[in-house]
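Trainee: Could we go through the charged side chains of this one together?

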Amino acid sequence: MRYLPLLATLGAGLMLAGCTGIPKGTEPVTGFELDRYLGEWYEIARLDHSFERGLDCVTADYSRRTDGGVRVLNRGVKLDEGEASEAEGRAYFIGDEDVGRLKVSFFGPFYGGYNVLALDDDYQWSLVAGPDRDYLWILARTPTLPDATYRALVERAERLDFPVEELIEVKQNEACASWRVEA
């Protein structure tokens, strides 16, 4: 399988977008528990950016690093081309560890904001923003979300002034299963 830097470019995009900030008028979740957040997440929807353009079957896997940070492993595939992408990064808390606000890097010393704006009580879905309203992801522990949950997250993002009409729903179908086995 050929790997391309999937979200390594995310790091570059976030750096160019303005660092480890948080969108004005938003707040990260409090009472955040990293150990419950660790593990695999499926990307359900996102705002479009060149670093993820055309990718489906996108997942993010979070695990502890020995230096106290978080290992971030992002994977996706361009189903039409059969081309897989993978990028490994690292993340660290900005401030208190019970606040869902981290900085993530896929390139050396350059970091971008990773802001958990909404999180299910059971850690089954999350709404994540970058440093501004150009970056938004809806993540879930399963490849799909109930329609009502998805709509509620989109409405919440809309109330926070994100351009939700531009959200791309990510394919997480049977074709993804074979790529996940190979990864």
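Trainee: Is R64 buried or exposed, or something in between?

Mentor: Quick caveats before that: this is a predicted model, where local features need pLDDT of at least 70, side-chain atom pairs count only at pLDDT 80 or more, and totals for chains, interfaces and linings use all residues. Residues are numbered from 1 along each chain as its sequence is written, and side-chain values use heavy atoms, leaving out hydrogens and water. Buried means under 20% relative accessible area, exposed over 50%, and partly exposed in between (1.4 Å probe, protein chains only). R64 comes out at 44%, so call R64 partly exposed.

Trainee: Which residue forms a salt bridge with R64?

Mentor: A salt bridge here is a side-chain nitrogen of Lys or Arg within 4 Å of a carboxyl oxygen of Asp or Glu. For R64, the closest N and O atoms of the pair are 2.9 Å apart, and the partner is D35. The two sit 29 residues apart, in distant parts of the chain: R64 in strand β2 (residues 56-64) and D35 in helix α2 (residues 34-37).

Trainee: What is the N to O distance between R36 and E33?

Mentor: R36 is partly exposed at 35% relative accessibility, and E33 is partly exposed too, at 39%. Their side chains meet in a salt bridge, N to O, at 3.7 Å.

Trainee: How many salt bridges does a search of the whole structure find?

Mentor: Another pair is D67 with R65, at 3.0 Å between the closest N and O atoms. E43, R46 and E52 are linked in a network of salt bridges. Searching the whole structure gives eight.

Note on methods
Helix = DSSP H or I, 4+ residues; strand = E, 2+ residues; numbered from the N terminus.
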